Amino acid sequence: MSEAARRGDGPTLILASASPRRLDLLRQIGIVPDAVDPAAIDESPRPRELPLQHAMRLAGEKAAAVAPRHPGALILAADTVVACGRRILPKAEDAETARRCLMLLSGRRHRVHGGLALLRPDGGLARRRAETIVTFRRLLPEEIEDYLASGEWQGKAGGYAIQGLAARFVRFLAGSYSNVVGLPLYETVTLLAGQGYAPARRIAGPR
């Protein structure tokens, strides 16, 4: 039985993401998509594209890419961008890229931009944004090398995963922690609620 059927109302919910972190975050707050269908799109920044614009554009394009495969469903997509000023940091696919990112972030403040898009069955698109400020303490060269050896950086925007060993690098954080992990939960809940989506599970209060 699908999640929509268990709720007894509304369209199905499709998560257009290959990230297990996003799925885990949704489950954490009682939202279980009916299906996960990653979008295969070109995520390269456009010339002079600002970090927030990049995150919002990619979220919308991911939703649009997946929607034809799921007529009548709500399509939830997200993108996370780590930026130093206007500079968009890449997803680290090799150790040298991750090393360059960590050296750049060492002792500096950076921003994590989260873009959310929810494509409705009627083709309408609702969006939300999130921004988190993160400051790393100054990292010693051996700390960077130890972190690279952990492998946690692989495929991560900016070359780090805050929910892992890199948490020890964070001196200051302002804004949504879950946004840095990969999905701003407050903004996601409000986005879904605005389209009438009700989670199957209810969070019980103190007794």
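Threonine 188 touches Leu26, Leu76, Leu116 and Leu183, leaving aside residues up to four places away in sequence; contact here means heavy atoms within 4.5 Å. The model is predicted, so local features need pLDDT of at least 70 and side-chain atom pairs count only at pLDDT 80 or more, whereas totals for chains, interfaces and linings use all residues. Residues are numbered from 1 along each chain as its sequence is written, and side-chain values use heavy atoms, with hydrogens and water left out.

Threonine 188 belongs to helix α7 (residues 185-194); helices (H or I, at least four residues) and strands (E, at least two) are DSSP runs, numbered from the N terminus. With a relative accessible area of 0%, Threonine 188 is buried, a term that denotes under 20% relative accessible area, while exposed denotes over 50% (1.4 Å probe, protein chains only).

The buried residues of α7 are Leu185, Glu187, Thr188, Leu191 and Leu192. They lie on the same side of α7, because they cover an arc of only 160 degrees around the axis, the arc being that of the directions from the helix axis to the C-beta atoms. Tyr186 and Gly194, on the other side of α7, are exposed. The buried residues of α7 pack against β1, α2, β3, β5 (109-119), β6 (125-136) and α6. Glycine 196, with a positive phi near 80 degrees, follows α7.

Helix α2 (residues 20-28) has Arg22, Leu23, Leu25 and Leu26 among its buried residues. Viewed down the axis of α2, its buried residues fall within an arc of 160 degrees and so line one face of the helix. Pro20 and Gln28 are exposed on the other side of α2. Packing partners of the buried residues of α2 are β1 (13-15), β2 (35-36), α3 (51-66), β3 (74-84), α6 (177-181) and α7. After α2 comes glycine 30, whose phi is positive, near 80 degrees.

A further helix pair is formed by α4 (residues 95-105) and α5 (residues 141-150), whose axes come within 10 Å and cross at roughly 140 degrees. Axes are lines fitted to C-alpha atoms, for helices over the stretch in contact, and angles run from 0 to 180 degrees between N-to-C directions. α4 and α5 are therefore oblique to each other; angles under 35 degrees count as roughly parallel, over 145 as roughly antiparallel, 65 to 115 as roughly perpendicular and the rest as oblique. In this contact, Ala95, Ala98, Arg99, Leu102 and Met103 of α4 meet Ile144, Glu145, Tyr147 and Leu148 of α5.
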